[in-house]
Amino acid sequence: MNNPHHLNPTSLKSRFTTRFLRALTKIRAQKPISSSSPTEIFRRYRRIKVAADKSMAYSVRSRRIWSRAMLWKLRSRSYRRQDPCSGRRSGKTNQAIMKKSSNENTTTRREDGVGFVEEADELRQLVPGGETMNLCNLLDETAHYIKCLTTQVQLFSPIGKG
Amino acid sequence: MSGRRSRSKQSSVSSITDDQITDLVSKLQHLIPELRRRRFDKVSTSKVLQETCNYIRSLHREVEDLSDRLSQLLASTDSDSDQAAIIRSLLMQ
């Protein structure tokens, strides 16, 4: 059967699954008194969503601009929760990511006259780290990001049938 | 974008050619279910990017819905066996 995603489904998906399950087990173990109150359900939902994103980003690690951006975002969020004055550190890391991705190729605004600048900008908002990408990187990163997102969705699929 | 030959931009740094863009855009087109059926039609880059944005948003929403559903499921404290079954089926992927 053809794998349209051209990823090794075993290795990415299995790395992804392992991390996600580990995180889920931890979340499940945190049983508050009223585990079915709306607040608690919402909190758990956030934790699950973050776990899914973390699993995805850590499985790809720093091989991609989008995964680096996502990892930075996830880490700075947890730093911020512990220490609200960590803005300086976050700024520095952000510059490092931006430098790394915009060094290759020319700047982003060269696609003048070809009529899709707005759509490209919209896409940049959706792909992590997109604001720093030139068009070439954006298209390439988007393709990989979509493959990983579909893997992320598949992870939940046993629940979806319920 | 059909029939356009690659033209180099006027600077000394490496430039992005139109062909590169076309290739990347068509690669993207294949990933999007909406557009995969129209593989042999001419789909404009603008349309591909638009549909890509829509697709990414729908995937984000799907993950949010599934996370929410999972959270609800974990809230049901009646049977630990239900949860165990779900976790087990997740394991079997």
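User: Let's start with the cysteines. Which cysteine sulfur is closest to that of A:Cys148, and how far away is it?

Analyst: Keep in mind that this is a predicted model. For a disulfide, you look for two cysteine sulfur atoms within 2.5 Å. Here the closest cysteine sulfur to that of A:Cys148 belongs to B:Cys53, and at 18 Å it's too far for a bond.

User: Let's step back to the fold. What is chain A built from?

Analyst: Helices: chain A has 7 of them and 0 strands. Reading from the N terminus, you get α-α-α-α-α-α-α. Of its 162 residues, 46% count as buried. As for the surface, chain A exposes about 8900 Å², with carbon and sulfur atoms supplying 52% of that.

User: Which residues have the most contacts inside the largest nonpolar core?

Analyst: Think of a core as buried nonpolar residues joined through their side chains. The largest one here has 56 residues, and A:Phe20 and A:Phe156 have the most contacts inside it. Both chains take part: helices H1, H2, H3, H5 and H6 of chain A, plus H1 and H3 of chain B, each supply at least two residues. H6 of chain A gives the most, with 11 residues.

User: What does A:Phe20 touch, leaving aside its neighbours within four places in sequence?

Analyst: Its contacts in chain A are A:Ile48, A:Ala51, A:Ala52, A:Ser55, A:Leu155 and A:Phe156, and from chain B there's B:Leu70.

User: Now the rings. How many aromatic pairs are there over all chains?

Analyst: There are 3. To read a pair, check the distance between ring centres and the angle between planes. For A:Phe42 and A:Tyr45 the centres are 5.7 Å apart and the planes are at 45°, so the pair is tilted. These two residues lie 3 apart in helix H2 of chain A, about one helical turn. A:Phe42 is partly exposed at 49% relative accessible area, while A:Tyr45 is buried at 12%.

User: And backbone angles: what is phi of A:Arg61?

Analyst: The general idea is that most residues other than glycine have a negative phi. A:Arg61 has a positive one, near 55°. You'll find A:Arg61 in the loop between H2 and H3 of chain A, where it's partly exposed with a relative accessible area of 42%.

User: Where does pLDDT stay under 50 in chain A?

Analyst: pLDDT is the predictor's confidence in each residue. The mean for chain A is 78, and 68% of its residues reach 70 or more. Residues 1–5 stay under 50, and the model has 4 contacts for them beyond four places in sequence. Residues 102–113 also stay under 50, with 26 such contacts.

Note on methods. Residues numbered from 1 in each chain as written. Chains lettered and ligands numbered in written order. Predicted model: local features only at pLDDT ≥ 70, side-chain atom pairs only at ≥ 80, totals over all residues. Heavy atoms only, no water. Helix = DSSP H or I, 4+ residues; strand = E, 2+ residues; numbered from the N terminus. Buried < 20%, exposed > 50% of the residue type's maximum accessible area, 1.4 Å probe, protein only. Areas by Shrake-Rupley, 256 points an atom, 1.4 Å probe, with all protein chains shown as cover. Core = buried A, V, L, I, M, F, W, Y, C linked by side-chain atoms within 4.5 Å. Contact = heavy atoms within 4.5 Å. Phe/Tyr/Trp six-rings, centres within 6.5 Å; stacked < 30°, edge-to-face > 60°. pLDDT = per-residue confidence, 0-100.
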